[in-house]
Amino acid sequence: MPTVKKPNRRTKNDPSDGAVLADFSRAYDLLDRGVLVPYAGQFVAVFQGKVVGADTDPGELRRAVSEKCKIDPERMTIIQVVDKIVIL
């Protein structure tokens with residue numbers, strides 16, 4: 001029986017892309033080192049290893065950073081910075 005090869009659906013905005021993963025790694029590194037403390041209660045966008053924006057509304061942040069950095073809105077890394085972690 002012949003095998004069917006699945007199409008490659010990976011795009012430039014694929015989260016498995018090395019650049020996106022590097023930005024997530026950098027974002028959590030900044031978080032671990034306390035660099036993002038001033039952004040507590042906000043969402044932070046990281047692109048190419050740098051903080052490029054922050055806002056309390058992740059949708060607005062995505063739109064603004066997309067326009068500012070001229071990138072696809074799905075390409076950027078956004079994390080939420082909380083002031084304390086609650087484990088239930």
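Throughout these legends, a residue is called buried when its relative accessible area is under 20%, exposed when that area is over 50%, and partly exposed in between (1.4 Å probe, protein chains only). The views show a predicted model, in which local features need pLDDT of at least 70 and side-chain atom pairs count only at pLDDT 80 or more, while totals for chains, interfaces and linings use all residues. Residues are numbered from 1 along each chain as its sequence is written, and side-chain values use heavy atoms, with hydrogens and water left out.

**View A. The open sheet has 3 strands in the order S2-S1-S3, with antiparallel pairing.** Helices (H or I, at least four residues) and strands (E, at least two) are DSSP runs, numbered from the N terminus, and two strands pair if DSSP finds at least two bridges between them. S2 and S3 are the edge strands, each pairing on one side only, and the twist from one strand to the next averages 30°. The antiparallel pairing of S1 with S3 extends over 5 bridges, and Gln 42 stands opposite Val 81 in S3.

**View B. Helices H1 and H2 lie across the strands.** Helix H1 (residues 18–32) lies across S1, S2 and S3 and runs at about 20° to S3, whereas H2, which also lies across S1, S2 and S3, runs at about 135° to S2. Axes are lines fitted to C-alpha atoms, for helices over the stretch in contact (heavy atoms within 4.5 Å), and angles run from 0 to 180 degrees between N-to-C directions.

**View C. The largest nonpolar core has 9 residues in all, including Phe 43, Ala 45, Phe 47 and Met 76.** Strand S1 (42–47) and helix H2 (58–69) each supply at least two residues of this core, and the largest share, 3 residues, comes from S1. A nonpolar core is a set of buried Ala, Val, Leu, Ile, Met, Phe, Trp, Tyr and Cys residues joined through side-chain atoms within 4.5 Å. When neighbours within four places in sequence are left aside, the contacts of Ala 45 include Val 52, Leu 61, Val 65 and Ile 78.

**View D. Gln 48 has a positive phi, near 55°, in a residue other than glycine.** Gln 48 is placed in the loop between S1 and strand S2 (50–55), and Gln 48 is exposed because its relative accessible area is 62%.

**View E. Lys 70 likewise has a positive phi, near 55°, in a residue other than glycine.** Lys 70 lies in the loop between H2 and strand S3 (77–81), and with a relative accessible area of 70% Lys 70 is exposed.
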